[in-house]
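User: I have a model open and want to go through it piece by piece. Can you take my questions as they come?

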Amino acid sequence: MNTLVKELLSTFDSLPESERLEIAGEILKRVTNLDFPPLSDEDLVWNAEELFLELDQY
């Protein structure tokens, strides 16, 4: 992740929940038409591992 993306995410995280929901909705509307390549098995495993590690923190 580059510095601009990290800054954007940090700003997003500092917003009130109502504004985060509004922005998330707008981003989802914009990315639904993008042509993403299919995820590899390795990508799926890595994402699952990251998710489970994050859930273990709770």
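User: How far apart in helix α2 are K29 and E26, in residues and in turns?
Analyst: K29 and E26 are 3 residues apart in helix α2, so about one helical turn separates them. Helices here are DSSP runs of H or I with at least four residues, and strands are runs of E with at least two, numbered from the N terminus. This is a predicted model, where local features need pLDDT of at least 70 and side-chain atom pairs count only at pLDDT 80 or more, while totals for chains, interfaces and linings use all residues. Residues are numbered from 1 along each chain as its sequence is written, and side-chain values use heavy atoms, with hydrogens and water left out.

User: What does K29 form with E26?
Analyst: A salt bridge, with the closest N and O atoms 3.2 Å apart. The term means a side-chain nitrogen of Lys or Arg within 4 Å of a carboxyl oxygen of Asp or Glu.

User: How many salt bridges does the structure hold?
Analyst: The count is 1.

User: Is K29 buried or exposed?
Analyst: K29 is exposed, because its relative accessible area is 56%. E26, at 35%, is partly exposed. Buried means under 20% relative accessible area, exposed over 50%, and partly exposed in between (1.4 Å probe, protein chains only).

User: What share of the 58 residues counts as buried?
Analyst: 0% of them. For α1, the count of buried residues among its 12 residues is 0, so that helix is hardly covered.

User: Switching to α1. What sits at its start?
Analyst: A side-chain oxygen of N2 comes to within 3.0 Å of the backbone nitrogen of L4.

User: How does the end-to-end distance of α1 compare with what its residue count should span?
Analyst: Its end C-alpha atoms are 17 Å apart, which agrees with the 16 Å that 12 residues should span at 1.5 Å a residue. The expected span is 1.5 Å times one less than the number of residues.

User: And overall, how many helices and strands?
Analyst: There are 3 helices and 0 strands, in the order α-α-α along the sequence.

User: What radius of gyration does the protein have?
Analyst: It has 14 Å, whereas a compact globule of 58 residues would have one near 10 Å. The radius is taken over C-alpha atoms, and the globule rule is 2.2 Å times the number of residues to the power 0.38. The C-alpha atoms fill a box of roughly 35 × 35 × 25 Å along the principal axes.

User: Where is confidence lowest, and where highest?
Analyst: It is lowest in helix α3 (residues 41-56), with a mean of 93, and highest in helix α1 (residues 3-14), at 96. The scale is pLDDT, the predictor's confidence in each residue, from 0 to 100.

Key: A polar contact is a pair of N or O atoms within 3.5 Å; within protein, one must be able to donate a hydrogen and the other to accept it, and residues adjacent in sequence count only if both atoms are side-chain atoms.
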